[in-house]
Amino acid sequence: MKNSKVLITFDILTLMPEMFLALSDYGVTGRAFRENIVSLNLWNPREFSTDLHKTVDDRTYGGGPGMLMMAEPLVKSIEAAKKRQSAVGINNSKVIHMTPRGKLLSHKKVKELSECEGFIIIASRYEGIDERVNDWVDEEISIGDYVLSGGELPAMTMMDCLIRQLPGVLNDDESATQDSFVNGLLDHSHFTRPEIFKKKKVPEVLLSGDHEKIRLWRLKESLKHTWIKRPDLLDEKLLTKEEARLLEEIQIEQEQDSI
Ligand code: 9D3
């Protein structure tokens, strides 16, 4: 094995552990698990249920539709996961509940969380969890203002973000430092072979071999995409002199186009 030092440990509480194969068995994240850069332990609260039928959900007090995940199987799972993480020497771990009422996940949040070595993530189903479980929860996180069927995809989304930040997961070509949201701009356009596709040509500058011209073209493209598709990102960003000059060029060109 090229690398066998575990950099992050995830303990996931889920009624659907098989869903996590999408992360552990495929692509860049799959490789990170196989190389033991990342460790995954799946806990099914059903195994901590005490009754004959292995019940994990129940109706809500006060009435109304929908079921909730019961406190006891969840808290028992959290405590088992915590015990296991301590046993392997993890002492800065966080318990996170993925929930639509949580704080929105962002690049900034991912960077902040990436200081932790261990995560215990509750991926809940039904309408959520018994409120009293929150005494065991450090953070509530949502991945966006839309309704999903459960916390598994959100948990995998956040895990994917955290894993690709780790040193040794991406190669130099894929490097996470090149990602948009790192420099605060959207990506520029990309082209691959063939040089002409259905009469559409690759921009001449990209075939020129002039690396400085290419860098400037790409920066201008990034600024153009950001200004058109996500102007809100520019409000947050401090522009360099070069970026400000290119953005002015873009705005003048756009005005000319609109006449
Ligand atoms: C009736 C109120 N619903 C809240 C909007 C209940 C509810 C619906 C769906 C509670 C949980 C869910 C399942 N979703 C998640 O567990 C979830 C989620 C999401 O749906 N969107 C964005 N981020 C997340 S993180 C977990």
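Modeller: A strand here is a DSSP run of E of at least two residues, and strands are numbered from the N terminus. The model is predicted.

Biologist: Which strand gives the most to the shell around the ligand?

Modeller: Two strands each supply at least two residues of that shell, namely β5 (93-104) and β7 (139-142). The largest contribution, three residues, comes from β5.

Biologist: How many residues surround the ligand?

Modeller: Among the closest are Glu127, Ile143, Gly144, Tyr146 and Leu148. By class, the shell consists of nine nonpolar, six polar and one charged residues. The number of residues surrounding the ligand is 16.

Biologist: At what distance does a polar backbone atom of tyrosine 146 lie from a nitrogen atom of the ligand?

Modeller: A polar contact needs N or O atoms within 3.5 Å. Serine 142 places a polar side-chain atom 3.4 Å from a ligand nitrogen, and glycine 151 has a backbone N or O atom 3.3 Å from a ligand oxygen. For the backbone atom of tyrosine 146 and a ligand nitrogen, the distance is 2.8 Å.

Biologist: How far apart are the centres of domain 1 and domain 2?

Modeller: Domain 1 spans 8-163 and domain 2 spans 180-258. Taken over C-alpha atoms, their centres are separated by 39 Å.

Biologist: How many salt bridges does the structure hold?

Modeller: Side chains of opposite charge can pair when their charged atoms come close. One network of such bridges links Lys94, Lys109, Glu112 and Glu139. The total for the structure is 17.

Biologist: How many residues apart in sequence are the parts that arginine 31 and glutamate 174 tie together?

Modeller: The two residues form a salt bridge, with their closest N and O atoms 3.7 Å apart. Arginine 31 is in helix α2 (residues 27-34), while glutamate 174 is in the loop between α5 (152-164) and β8 (196-197), so the bridge ties together parts separated in sequence by 143 residues.

Biologist: Which residue meets arginine 101 in a salt bridge?

Modeller: The N to O distance of this bridge is 3.1 Å. Arginine 101 is in strand β5 and its partner in the loop between β6 (118-123) and β7, so the pair ties together parts 30 residues apart in sequence.

Biologist: What separates the closest N and O atoms of aspartate 232 and arginine 230?

Modeller: Both residues are partly exposed: aspartate 232 at 38% relative accessibility and arginine 230 at 31%. They form a salt bridge whose closest N and O atoms are apart by 2.8 Å.

Biologist: Which side chain is joined to that of serine 124 by a polar contact?

Modeller: Serine 124 is in the loop between β6 and β7. With a relative accessible area of 7%, under the 20% cut-off, serine 124 is buried. The contact spans 2.8 Å, and the partner side chain belongs to histidine 97.

Notes
Residues are numbered from 1 along each chain as its sequence is written. This is a predicted model: local features need pLDDT of at least 70, side-chain atom pairs count only at pLDDT 80 or more; totals for chains, interfaces and linings use all residues. Side-chain values use heavy atoms; hydrogens and water are left out. A residue is near a molecule or strand if one of its heavy atoms lies within 4 Å of it. A polar contact is a pair of N or O atoms within 3.5 Å; within protein, one must be able to donate a hydrogen and the other to accept it, and residues adjacent in sequence count only if both atoms are side-chain atoms. Helices (H or I, at least four residues) and strands (E, at least two) are DSSP runs, numbered from the N terminus. Ala, Val, Leu, Ile, Met, Phe, Trp, Tyr, Cys and Pro count as nonpolar, Asp, Glu, Lys and Arg as charged, and the others, Gly among them, as polar. Domain bounds come from an automatic or database domain assignment. A salt bridge is a side-chain nitrogen of Lys or Arg within 4 Å of a carboxyl oxygen of Asp or Glu. Buried means under 20% relative accessible area, exposed over 50%, partly exposed in between (1.4 Å probe, protein chains only).
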